Amino acid sequence: YTASILSKIKPDGSNWKEISTTIYEKKPQSSANGATMRTWPIPIFCNSLSQDKVIKNALIQANTTHLNPDAAYSAVFVSVLIYKLINNIPLDKAIEDSYDVIKDEISYELALAINEAHKLDYKDLDGGSGWIVDTMSVVMWAIKNTTSFKDAIIAAANVKGDTDTNASITGGIVGALYGFNEIPEMWLEALRKNKENLWPLSGNKHLITLDVLKDIIITLAGC
């Protein structure tokens, strides 16, 4: 779905609204999790701005490929939640406030996933194959029923289904909740040893390491 849209958007991005709308109209029921998976940079870059800016930019990035309300407003929910956690709002209050932002825009199923899925038995979770309701059920269970970055990621990743996306979204949230220093050192060391985890800095031939990327993110988040 996302690849189909991105392959049709011009290099300058000028026709993204047209393409996104055309694809959405062909399959309006598609409420996939891709926009929510990639939304975590929004609250970091907008951390010094208002919540309204976070919401606006989260919707823009989501609507580039996902116009379905559940798909788009789930990205808004996660963006606002991370924004609030970065600003030291307690988890339960942050969830409540973030849900209030989207509650009039989403389906009953997504509302249930956000508010009730953490009450399920772990064995009853379904990681799904990309449906945002399944994804948010796993995410909310993981962040509400664990007390560390490590345990939340493991819980999300071990529910069969779309494990990488479910764990990725969980990671963005619990990263904001617990902070970089709570990531297990052995996980970081594995990343440092992998040459694939070096990224070219924009406009620069130099590669940046995980530690440099961490410092950039911390600086942008103002933490």
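Buried means under 20% relative accessible area, exposed means over 50%, and partly exposed lies in between (1.4 Å probe, protein chains only). This is a predicted model, in which local features need pLDDT of at least 70, side-chain atom pairs count only at pLDDT 80 or more, and totals for chains, interfaces and linings use all residues. Residues are numbered from 1 along each chain as its sequence is written, and side-chain values use heavy atoms, with hydrogens and water left out.

**Exercise 1. Describe the lining of the largest cavity.**

Step 1. On a 1 Å grid over the protein atoms alone, a cavity is a set of points where a 1.4 Å probe fits but cannot get out; lining residues have an atom within 4 Å of a point. Grid points are joined across faces, edges and corners, and a volume is the space filled by probe spheres set on the points.

Step 2. Count and size. By this rule there is 1 cavity of 30 Å³ or more. The largest cavity holds about 30 Å³ of space.

Step 3. Name the lining. It is made by T36, M37, T39, W40, V78, I82, S168, I169, G172 and I173. Helix 3 (34–37), helix 6 and helix 11 are the elements that give two or more residues to this lining. Helix 11 gives the most, with 4 residues.

Step 4. Sort by class. Ala, Val, Leu, Ile, Met, Phe, Trp, Tyr, Cys and Pro count as nonpolar, Asp, Glu, Lys and Arg as charged, and the others, Gly among them, as polar. The lining has 6 nonpolar, 4 polar and no charged residues.

**Exercise 2. Find the largest nonpolar core and the elements that build it.**

Step 1. Define it. A nonpolar core is a set of buried Ala, Val, Leu, Ile, Met, Phe, Trp, Tyr and Cys residues joined through side-chain atoms within 4.5 Å.

Step 2. Give the size. The largest nonpolar core has 47 residues. F77, M136 and I173 have the most contacts inside it.

Step 3. Name the elements. Those giving two or more residues include helix 4 (41–45), helix 5 (51–63), helix 6 (69–86) and helix 11 (163–178). Helix 6 gives the most, with 12 residues.

Step 4. Look around F77. Not counting residues up to four places away in sequence, F77 touches I95, S98, Y99, I102, I114, M136 and M140.

**Exercise 3. Show where the buried residues of helix 8 point.**

Step 1. Pick them out. L110, A111, A113 and I114 are buried in helix 8.

Step 2. Look down the axis. These buried residues fall within an arc of 160°, so they line one face of helix 8. The arc is that of the directions from the helix axis to the C-beta atoms.

Step 3. Find the partners. The buried residues of helix 8 pack against helix 6, helix 7 and helix 9.

**Exercise 4. Compare a loop residue, N88, with a helix residue, F149.**

Step 1. Take N88. N88 lies in the loop between helix 6 and helix 7. Its phi is near 65°, a positive value in a residue other than glycine. N88 counts as exposed, because its relative accessibility is 67%.

Step 2. Take F149. F149 is in helix 10. F149 counts as buried, because its relative accessibility is 9%.

Step 3. F149 and G175 are 26 residues apart in sequence, yet 6.7 Å apart in space, C-alpha to C-alpha.

Step 4. List the contacts. Leaving aside neighbours within four places in sequence, F149 is in contact with G171, V174, G175, Y178, E182, I183, P184 and W187.

Key
Contact means heavy atoms within 4.5 Å. On a 1 Å grid over the protein atoms alone, a cavity is a set of points where a 1.4 Å probe fits but cannot get out, and a pocket is an open set with protein on both sides within 12 Å along at least five of seven lines; lining residues have an atom within 4 Å of a point.
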